[in-house]
Amino acid sequence: MSPIQLRRRIVEAAIAASLAGGLVFGLPSPRDVSAQAESSPAAKRAQELAWDDAAPGPKQPVPFSHALHAGQFQIDCLYCHSGTDRSAVAGVPSVETCMGCHTQFGQDLEGIQILKQYWDAQEPIPWEQIHRSPEHVQFKHNRHVAAEVPCERCHGPVGEMDKLSLTSDTIWWPWLLPSKKLEMGWCVNCHRENQASQDCLTCHY
Amino acid sequence: MPEFDRREFLKIVGASAGAAATVGCSDPVSKLIPYVVQPEEITPGIPVYYASTCLECPAACGLHVKTREGRPIKLEGNPDHPVNRGSLCARGQSAIGRTYHPDRFAKPMRRGADGKLAAIEWDEAIALLGAELAKAGGRSWVLGGTMGPTASEFLDRWVEAVGAGGRVVYEPFAPEALVGATKTLFGVETEPIFDLSGSDLILDFGSDFLETGLSPVEHARQLATARDAAEAGRRATRFVYIGPRLSMTASNADEWLAAKPGTEGLLALGLANVALRNGGGTEAGRAVLAPALARFDAASVAQQSGVPADAIERIGKALAKAKSPVALPPGAALASRRATATCGAVLLLDWALGAIGGAVQLPADDGRRRSSYRAALALIDSMKAGKVSVLLVHGANPVYSLPAAAGFAEALEQVPFVVSFASGPDETTARAQLILPDHTPLESWGDASPRPGVRSLVQPTVRPLRDTRAFVDTLLDVGRAMGGSVAARMPEGSFRTLVEQAWTASGADFKQLLSVGGVFGDARSAGISLAGDALQLEVAEPLLEGPGQFMLLAVPSPLLYDGRGADLPWLQEIGDPVTKITWASWAELSTAAAEQLGVEYGDVIEVETVAGKLELPAYPRGGIRDDVIAIAVGQGHRVGRWATRDGERRGVNVIEALPSLTDESGGRAWLVAKASARKTGGHYRFALAQHSQDQRGRRLGLATPLAALAANGHGAPAASAAAAEGGGHGDGAAHGEHGHLKDFEPAKDSDPNSLYRWGMAIDMDRCTGCSACVAACSIENNIPVVGEEEVRRGRLMSWLRIERWVGNGSLEGGAGLDPILPDEPIGPVDVRHTAMLCQQCGAAPCEPVCPVIATYHNEDGLNGMIYNRCIGTRYCANNCPYKVRRYNWYDNHIHNWPEPMPLMLNPEVTVRGQGVMEKCTFCVQRIASARQTAKDQQRPIADGEVTTACAQACPTQAITFGNLKDESSTVVRKSDDPVRGFRSLHELNTRPAVTYLAKITRGPVEG
């Protein structure tokens, strides 16, 4: 089984798991949500899941659900991670970006209240980093976006995940360095399959 | 976006870029800190450049400050700025370290009853100073360095508003004598502007214009333009250096005349006499001057100056023949008590030759405040007399840079309240009662006007790292805190408001000005005529104090300047351009003098003048007169992390041995003392960046005579270029010995499918040895500074070095451990500067010996060095014939970048950890970044789109980087020089990608 096939299996399993997790009740369309004064049960549930201690991954300071934003609402990844197609660094959205929508939506949600506290204090949100390449790797997001590599290829099925973690084919070192995924062999495999450069100096300098 | 956003840059520095990245094990960054409000011009990961101005010396070069996520990481030249045209000297580049200096004052400081400094709040500090000023009234004074026009005008008004006694501008190397001379000669008080670029005969009377003169970067560029190799046959510009010592500038001359220091004026008049007698110069010159100059005949001038009469005759005749000759008056090192007359004599020579109004412009006085040493001395006198109650010191370190004999330190004792505005500790803050730390220039608004017609803006590029305030803002706050009429006279707003008002008064768009960097006009002479009493100059031999066999020459340091660079580690570690000594002081004396004193290389001598004694190691060399001891200014600090040796003084401060004297116009005289020297018996082991300056005939730096260049047409095969080395410098032996020299085309040393083979052409005729490239390389590539002891062990980390070779060297001697001392004869100069860096060999000896393939040849012809693969066997470094590979013996990043210096690291370059080899990569990160744009536009990288940090910084554009596979590229055109092109150690068949262009030796000037 090639790593890609393996990955697909795992993605499918992850989707099945999240379905079993009870994400499915009462899905309104995004338009409906925006019209409501009170947030949908799905949004509330997504928050709970984003802070689910049983789920893998570190607890984030705000119960932000990628499944809700990227999955259910189909917000483009680049809407928030706006530098990804231009810069080596994908970037984390500023608090202002969050507030762009959330001055209107989700006022009753606990997560949004936490967000507003950061905004009122003009403090950045100290997110826990999940995907991290070592410092001797000069990874360029924009090249991969230009090559039409889907974000999920490296970041896993983010649109399915309430609580973000490295997807399940990853084991963690005590140093928080992902060993199975985002390791060099994994990068090189993909470069090889796509006839991308395999020169060491492409990523290491 | 308005200014607020840029200064709002970062609540906290973004972790996502991984600035302090290291190879090996280190704590991972585990938080992602986004912006609260992301400024619209910032995209994390993409550098943003801001135009600003370098304030390291009065030349005021334009800057492009490269910032990443709101922090400056490198200073580059502004290509549109008329002074430096995109390049920047080593001092300017190292200035970035001021902002990130670990010892900066974090807050205002006040000296308590126990004599220790303690932090206080700004409000308290300002109220305190306000009260003291109110009490002192006219007994308060301001002493400070050069300032921009806006700040200077404000300060004048402020001094008046608070009722202070006055203000003194003090700049140690200010050309006061030169300004005095223009006033005497032409009736205008102004600083002449020299343009060497169109000149065919340049005489430098010891101004050292390539290192510490009026505008070093600009003059270096102009010299290179004047001597451009393509024009060399036609124009044949010659450059004669007249001075007691073969300085860095002199090393670039065609001929060196070792005149007795202080006799430059006599020599200038002697040369003018010969030139005018031989039909040279202007009609007016001949009519007015010829009779008056008759007494300066070659024989008597020769007798006084020590320059042979036939040389005076010969150069005088050359001046007569030259189409556009120019002479530069001496700088600080040779400013004697008759400096005004000396400068006047040289300007008179310029006038006689018709250079005034051409190569020398005398713009009208723009009314700027000029440095006045006489005023500084008067201030010291009133301090001593107890007439000063409050002294404000800004932009200067007078306790260090004024001669001990002037008694400034003692005078300070009589001032009850001394305030310093320094951003970091120095000798003056050590004696201050109150410290109100200023922003560094990278944090502050401001402007500069290097000369009439050119105005340059300073804008903040980072939020202040410490709780500091701009000098002008502090004064505004103090004025307002004083209340009453003083407060009423303070202008509205902040320093920024003042700068904006000053710049937009004419209706200009401030944002537009900020993006360009300033207003760049021209200043020309307006109706210059010789004043009637111009010929009354008392040109004579210098007046020197005290007894002694030697004249003591205090030379402005090319790297440390007046000592202000001593606490910037790069400047300490880049070898002095002449002696290659790092981290120390030395006394230069001639080999004959050393023999007479019985001292050898490194032996400690005691140099005694009427003003004091200095103990320092001797550096005997050929390139200095027998009756001169030269010591560079800049070391001998008592305060500073890098300026001292763990709190002990590093080297000596030559200023302490100088009597405090002025020239005729009140400027500071530096050439004032005789000295005696004796051996002490001690020995000092220098930490050298280059051990020997004798290349032992190894053909590392070649030279070719101008005649060969003119005679040889094009069409000779490139492979014979190395053999075409002029003068037959033992190359035959090299060929015979090895016998298997293979021809090759560097362009073919990359993958046939690749579009690129990166290569370089280094023009040794343009290289002045200034070492700006070394600083650029270090800062671009996060190269650690290792300190004196490690340099002594040969563990200097610099990826790029300037090798200084005196001639082709000799095969004799040199059996001991000490280097063979350079001979450097008086007369024709043959000093060759070779920028040595990784040659990116096509057949690299380092590659096959690496057991883990950490170094390899990539498809674009680069010799890749993959730090994370390296296991540190050092086989590669041992096998490299160029010695350009550097090994991390320690976790240098831990010792080298104390907080907050990691903020200035380039996030695009991995910081190497212990046990890892490193070397020049041809700035592969810059290639990668250019590749992004090219790929996005689906085209190859164009010529000129990518250049290395060293090539970019070079004031003379000696380095050309580009694609050897692109037939139309500049680098191919330059490399393809059948006469001058050669490759270093070609006979080893390493197939280097760097082509050196041999230095052109132009020989003595013909009469």
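## Burial and overall form of chain B

A residue is buried if 20 or more other C-beta atoms lie within 10 Å of its own. By that count, 61% of the 1007 residues of chain B are buried. The model is a predicted one.

Chain B holds 32 helices and 45 strands. Its radius of gyration is 28 Å, close to the 30 Å that the globule rule gives for 1007 residues, so chain B is as compact as a globular protein of that length. The C-alpha trace of chain B spans about 85 × 80 × 60 Å along its principal axes. Take the contacts in chain B with a separation of 6 or more: residues 24 or more positions apart account for 76% of them.

## A closed barrel in chain B

Six strands of chain B form a closed barrel. The order is β21-β26-β23-β25-β24-β31, and the pairing is mixed. Neighbouring strands of this sheet are turned by 45 degrees against each other on average, direction ignored.

Strands of a sheet pair through backbone hydrogen bonds, either parallel or antiparallel. One pair in chain B is β24 (residues 603-608) with β31 (residues 674-683). These two strands pair in the antiparallel sense, over five bridges. E606(B) has R678(B), in β31(B), as its bridge partner.

## Where chain B touches chain A

The two chains meet through 40 residues of chain B and 35 residues of chain A. On the side of chain B that touches chain A, two elements give two or more residues: β1 (31-32) and α30 (924-936) of chain B. α30(B) gives the most, with five residues. The residues on this side of chain B divide into 21 nonpolar, 14 polar and five charged.

Strand β1 (residues 127-128) of chain A is linked to β1(B) by two bridges, and the two strands run antiparallel. Here E128(A) stands opposite K31(B) in β1(B).

## A residue in chain A

R143(A) lies in helix α8 (residues 141-146) of chain A. Is R143(A) buried or partly exposed? A residue needs 20 or more C-beta neighbours within 10 Å to be buried, and is exposed with 12 or fewer. R143(A) has 19 C-beta neighbours inside 10 Å, so R143(A) counts as partly exposed.

T97(A) is 46 residues from R143(A) along the chain. The C-alpha atoms of these two residues are separated by 24 Å.

Notes: Residues are numbered from 1 along each chain as its sequence is written. Chains are lettered from A and ligands numbered from 1 in the order in which they are written. This is a predicted model: local features need pLDDT of at least 70, side-chain atom pairs count only at pLDDT 80 or more; totals for chains, interfaces and linings use all residues. Two residues are in contact if their C-beta atoms, placed from the backbone, lie within 7 Å. Helices (H or I, at least four residues) and strands (E, at least two) are DSSP runs, numbered from the N terminus. Ala, Val, Leu, Ile, Met, Phe, Trp, Tyr, Cys and Pro count as nonpolar, Asp, Glu, Lys and Arg as charged, and the others, Gly among them, as polar. Two strands pair if DSSP finds at least two bridges between them. Axes are lines fitted to C-alpha atoms, for helices over the stretch in contact, and angles run from 0 to 180 degrees between N-to-C directions. The radius of gyration is taken over C-alpha atoms; the globule rule is 2.2 Å times the number of residues to the power 0.38.
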